[in-house]
Amino acid sequence: MVEAIIHMRDLVKQYKMGDNVVTALDHVTFTVEKGDFVAIVGPSGSGKSTLMNMIGCLDKPDQGEYILEGHTVNTLKDVQLAKIRNENIGFIFQNFNLLGRLTAVENVELPLIYRGMKAKERRECALRSLEQVGIVDRANHYPNQLSGGQQQRVAIARALAGTPPILLADEPTGALDSKTSQEIMDVLIQLNNEDHTIILITHDRDVAQKAKRMIMISDGRLTETEGTQHESVHIH
Amino acid sequence: MSLFTSIKLAMRNIKGNKLRALLTMLGIIIGVSSVIALVSIGQGSSKSVTDSINSLGTHLLTVNISNTDVPFTMDDVDKINKIDAVKNVSPVLSGRVTLKNGETTTDVALTGSNAAYKSVRNLSVSNGRFITDIDMDYRQKVIVLGSETAQTLFGMENPVGQKLLVNGDSYKVVGVLTEKGGSMGENTDDTVIIPFSTAQRLLGTTHIQQFYAQAKNEASLNIAMMMIERNLYQTFGDSDSYTVANQQDVMDTMSSVNDTMTMLLAGIASISLLVGGIGIMNIMFVSVTERTKEIGIRKSIGARRKDILLQFLIEAVVLSALGGLIGVGIGLIATKIYAVATGSDVVYSVAMMLFAFLFSLVVGIIFGVFPANKASKLNPIQALRFE
Ligand SMILES: Nc1ncnc2c1ncn2[C@@H]1O[C@H](COP(=O)(O)OP(=O)(O)OP(=O)(O)O)[C@@H](O)[C@H]1O
Ligand SMILES: [Mg+2]
């Protein structure tokens, strides 16, 4: 029996725009186990990012219950949510979201800064995670001196730096060409093999096939398909 | 995040946009530097007024007699000298004369007075002696030279014991005054002093129109003034014939006018500091909007409200502190330039500089809080979506 790291029950998120109510998440129930690699696919506007923000504790549900590593997230205060984001979750974004004024290694240090780690130790950790994604030679480059794929590696290194158990990637390959996408996916698969739990949003079926599980979302409702790495081999 | 890291980060953001930072700090720089320059110059001029009044003589009363119908004589002066609270009385007679030593001539101010004049006016003799009461009694043709006059007429020679011509009459030099410098339009270096009785004859007057009275001490100054006024009233029978001026009153008035001016100017400069603070607030608001995305990113990786608030607050404070420091520097330089260019006294007050600097810090904190608070309250999802 594998331990559930994320458990969501009957989660509802609605956006009210005047009289118009958009139900971005409609009674979502969903469990992720430790070491899982879940791909979430669905059309634009189906609620993927909303779900991701919920998992990442950036947003709170209107209804339902969310338990992350034993914490009941929907009852936590802002300060505690910030702590969870810092220690339990690593975000990877479609457009990298690196800070342009900071070098690669300084970007990677950011989550450690908010953890209060000492400068020397911080630098070591950051370099280690840059090493892990194979971009340590660009540690002192600024983001605008790096290619898209390199920037995304730095962003992954930043997500990894605090060694959070969960990595959330919202279309990490969305801004990259297919070859670079492939490389980034390889990095993520590698990380999953090293025991990181990964949740990945993508438009790209090929990308999704590489995950262990695939979840479809449409109009805020989830349906899970039996898509695993082994089966994907059969499909092609 | 540690304070040191925050300050380093803030410095970095400021360096990334130097021109904007400079323009933002300009209000603070102008405010702090003008406060410092104005106060230093103001206090300097206060001090020089006080100094120059003091150098005229201490506990001094100046009596001017405007009534020439009733003759005021040495006997009347002696009566005033008998008043308990009065230590010395010196009648004075002033005029301009031409001095001649061999081929050298010069025009100077001449003062006729008595032996007490030396103590009354805080004078000292560097060479020879001052006028004595015997000189007074015998209308001796003796003369004491100011240091500059001695230099002009005798050069490197020792003037004491030599003769010179005053308006054609031969006088014997008995002493030279110590150099003192000018004060309040009078410069004793550039004058000569002869016995009062001799001066009366030289200038052709018999009346005494002005005399100085020196009180025993600070405390007896007012009593002396009252007694002299009473005495003069008895002599003249009305109070319009004379005026008695108290040195202290003049000094107090002058320095209070000066202080008021200084405070007024410093007040105006403080308003500039306030305006500078508003400038900082303005730019910080712009900065928060520009960096919305950054705030979103920081929040998504675990920055707390407090962290974001501190980041922006520290940036505002670093800006204003930097502005304050530059302002102190410019203020000091401006004051120095003024002092050198005009030869005036200035007073550098460390307390004032500290105050101006701390004030700029406080301005930074007060006006930095609003934008920082706005930044810290941003919703992370919306901030992340911001382009
Ligand atoms: N802040 C908001 N205010 C109002 N409606 C919102 C807001 N955020 C999301 N929505 C709505 O919720 C729904 C789900 O949005 P979401 O961003 O989760 O879609 P998505 O699946 O990530 O789409 P995409 O693939 O284009 O990124 C959409 O209909 C969207 O319009
Ligand atoms: Mg999305």
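Begin with the polar contacts between chain B and chain A: seven residue pairs, both residues at pLDDT 80 or more, are in polar contact. A polar contact is a pair of N or O atoms within 3.5 Å; within protein, one must be able to donate a hydrogen and the other to accept it, and residues adjacent in sequence count only if both atoms are side-chain atoms. This is a predicted model, in which local features need pLDDT of at least 70 and side-chain atom pairs count only at pLDDT 80 or more, whereas totals for chains, interfaces and linings use all residues. Residues are numbered from 1 along each chain as its sequence is written, chains are lettered from A and ligands numbered from 1 in the order in which they are written, and side-chain values use heavy atoms, with hydrogens and water left out.

Next, select α1 (3-15), α10 (292-300), α11 (305-342) and α13 (380-385) of chain B, the elements that each give two or more residues to the side touching chain A. Helices here are DSSP runs of H or I with at least four residues, and strands are E runs of at least two, numbered from the N terminus. The greatest contribution to that side is from α10(B), with six residues.

Now display the whole interface. Chain B places 23 residues in contact with 24 residues of chain A, contact meaning heavy atoms within 4.5 Å. About 2100 Å² is buried between the two chains, 58% of it from carbon and sulfur atoms; buried area is the accessible area (1.4 Å probe) that two parts lose on being put together, summed over both. In chain B, the residues that lose the most area to chain A are B:Arg12, B:Ile301 and B:Ile381, together 29% of what that side buries.

The term denotes a side-chain nitrogen of Lys or Arg within 4 Å of a carboxyl oxygen of Asp or Glu. Between chain B and chain A the count is one salt bridge, and over all chains it comes to 21.

Move to chain A and select A:Lys13 and A:Asp59, whose side chains form a salt bridge (3.4 Å, N to O). A:Lys13 lies in strand β1 (residues 4-17) and A:Asp59 in the loop between α1 (48-55) and β4 (63-68) of chain A, so the pair ties together parts that are 46 residues apart in sequence.

Finally, colour chain B by domain: domain 1 (3-52 + 253-385) and domain 2 (73-208), with C-alpha centres 57 Å apart. These bounds come from an automatic or database domain assignment.
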